[in-house]
Amino acid sequence: MKRPADERPDTKALAALVELQRDATKPRSAAELDRGLAAVRARVAADRLRRPILLPALAVAAAVVLVAAAAPRLWRFVRAPSAAVVVQKIEGGSLLEGGYLAQSGRGGVAVTFSEGTRVQLAPGTRGWLRELRRDGAALSIENGAASFQVTPDPARRWSVEAGPFLVTVKGTVFDVDWDPTAERFDLTLRRGRVEVTGPVVGGGISLRAGQHLAIRLPLAETVITEIANERPAPPEEKPATGAAAVPVPPGRAAVKRSVARAAPEAAARAKQADVRGWQAWLAAGQWDRILADAEQAGLTATLEKASSDDLFALADVARYRHRADLARAALLAERRRFPSSPRALDAIFLLGRVAEVGDGTARATALYDEYLARAPDGPYAGEALGRKMILANDQNDHAQARAIARQYLLRFPSGSYATAARALTREP
Amino acid sequence: MSNRVSQAPLALIVGRDPRNASDTDLALALMARQDWALAEAWRRFAPMVLRTADRVLGSRNEADDVAQEVFYQVFRRARTLRDPSSLRSFIYSFVVRVLKTELRSRKRRRLLFFSTPPAADELLDGASADVESRELLMRFNALLDRLNARDRLVFVLRRTEDMTIQEIAATMDLSISTVKRAMSHASSKLDLWIAADPGLTAFVETQRRTR
């Protein structure tokens, strides 16, 4: 460290203490960093739940809120359960200090509560019983899958934390799966209704029976799919190519089975030649299974024979798994083999995204231009223009970036790149 | 991000690899409040923020709280970032602001509740430092606690974070002469307090000899 001439040197003792303090600082572990990020996300999510209130409306709103709030509170007071929920039985483990649900065997832990609610943690799942109240209980899942069968009671409220997500429950039956490493959250709702809040889902998502929610934080994706009713998985779900299914960790087996049932129609289509039903696997997050299936069938053959849906699914998982060459090949095959389909146009835009990673800015910009020329009102028009703007700015072509930003704001004043576009147009 | 209800919904949702995003791209995504940006900003800058907070506060737990507050504020106020290419400085300005607030409120807490400074064990967090080092560190942090928030921040940023006087001035929104005065004031106070503590001086000498 160079010191200015007018800066006095430290005494030996002070220098030694400074050095000691500098050396003492140890970096955080990955788990500690994950916990910190989860805490920030929870704060941001909680913030989003609060709606801004305009001052002029405050007095009126406050009066309305007071009146509205009084009725249900009074109702809850009258209806409040007389006794707190207590744990009635624990099978396959025990409840340790702090509420940790420790497993004693290999079959997972099942907790039965006094009012009939039953929670089953899959083997290997780490979970806590956080709180028992008069009106319900709070549990948390740190890692793994769990099934909940909550006894319906309008006076009780249950909540389940899974990573940064909070599931608020009344009477319902559902499965939750949280994988902190991949930052994947899955919820399969079999009966009743639940509300999920957390990062990505914005103000919260209400799910109804028969829906599956999949959130992939690294991809910023939230997907809701319909699931079929309870029944054994049909044999048609096996890949048409005969590839072995990717083994599902035992802790996630229950959830994965329910997700696999998500697309019976896709499975039926899979009976036909060259239709592999990969869209259903994609929706179930089984990316590696798609890649394994494609590789087993041979990539060249797959690119020549797969359906349009499957090619797109393959391109998606290849992008998610950073296999740019395969993504590019699948998208090019889509364009070549299905030139008149709308997806051929989508492929141009997605090729641009792939080009940003591997081929360089010029190629990506050219592809975005081509997409905008051929599909000026297409579903990716805003994204294509936004990406062009970002790329121009990254290349220090600020005049071009500003010109695109102005164009973007005219066309998509509330688009996802609008804030960035405004920032660019404000610059000198 | 929109939520879709469909049989095969993923195919048309664009994925991205956040790690490939430039700092400018990341800043723009933060300004657009895109959810991936928070995680990526944390991945990229949290180690730096935590290290600075550890050194300024001498407490890992308090540093964790500060880092969370910093990123919450950054995400909430990203739209005030004027130059997307200066994301690092933008984050650092929040670090300094939050640390200053934390040091001041810590001082108030200590005055009101007579609480004690954090133990060195907390900062070292199981590191294999010897007992003497822990003791030294605890006593040094107690001395730093006696400085006012501004002087302490300037001293730590200069001495342990190796920031230049100019960088400190820009980050803390102070003039260069004020930073120099604060630095000089902090150093002479610390020298004085160390000299007045024979135990500490002896400890330092022992440590120096054994290294």
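1. A residue is buried if 20 or more other C-beta atoms lie within 10 Å of its own, exposed if 12 or fewer, and partly exposed in between, with C-beta atoms placed from the backbone. Helices (H or I, at least four residues) and strands (E, at least two) are DSSP runs, numbered from the N terminus.

2. This is a predicted model: local features need pLDDT of at least 70, side-chain atom pairs count only at pLDDT 80 or more, and totals for chains, interfaces and linings use all residues. Residues are numbered from 1 along each chain as its sequence is written, and chains are lettered from A and ligands numbered from 1 in the order in which they are written.

3. β4(A) runs antiparallel to strand β1 (residues 87–91) of chain A, joined by 4 bridges; two strands pair if DSSP finds at least two bridges between them. A:Ala110 is the bridge partner of A:Glu91.

4. β4(A) also pairs in the antiparallel sense with strand β5 (residues 118–121) of chain A, over 4 bridges. There A:Val109 has A:Leu121 as its bridge partner. The two strands form a hairpin with 4 residues between them, and A:Gly116 in the turn has a positive phi of about 105°.

5. In helix α9 (residues 308–320) of chain A, 12 of the 13 residues are buried, so α9(A) is largely enclosed by the rest of the structure. Just after α9(A), A:His322 takes a positive phi of about 60°.

Conventions: The expected span of a helix is 1.5 Å times one less than its number of residues.
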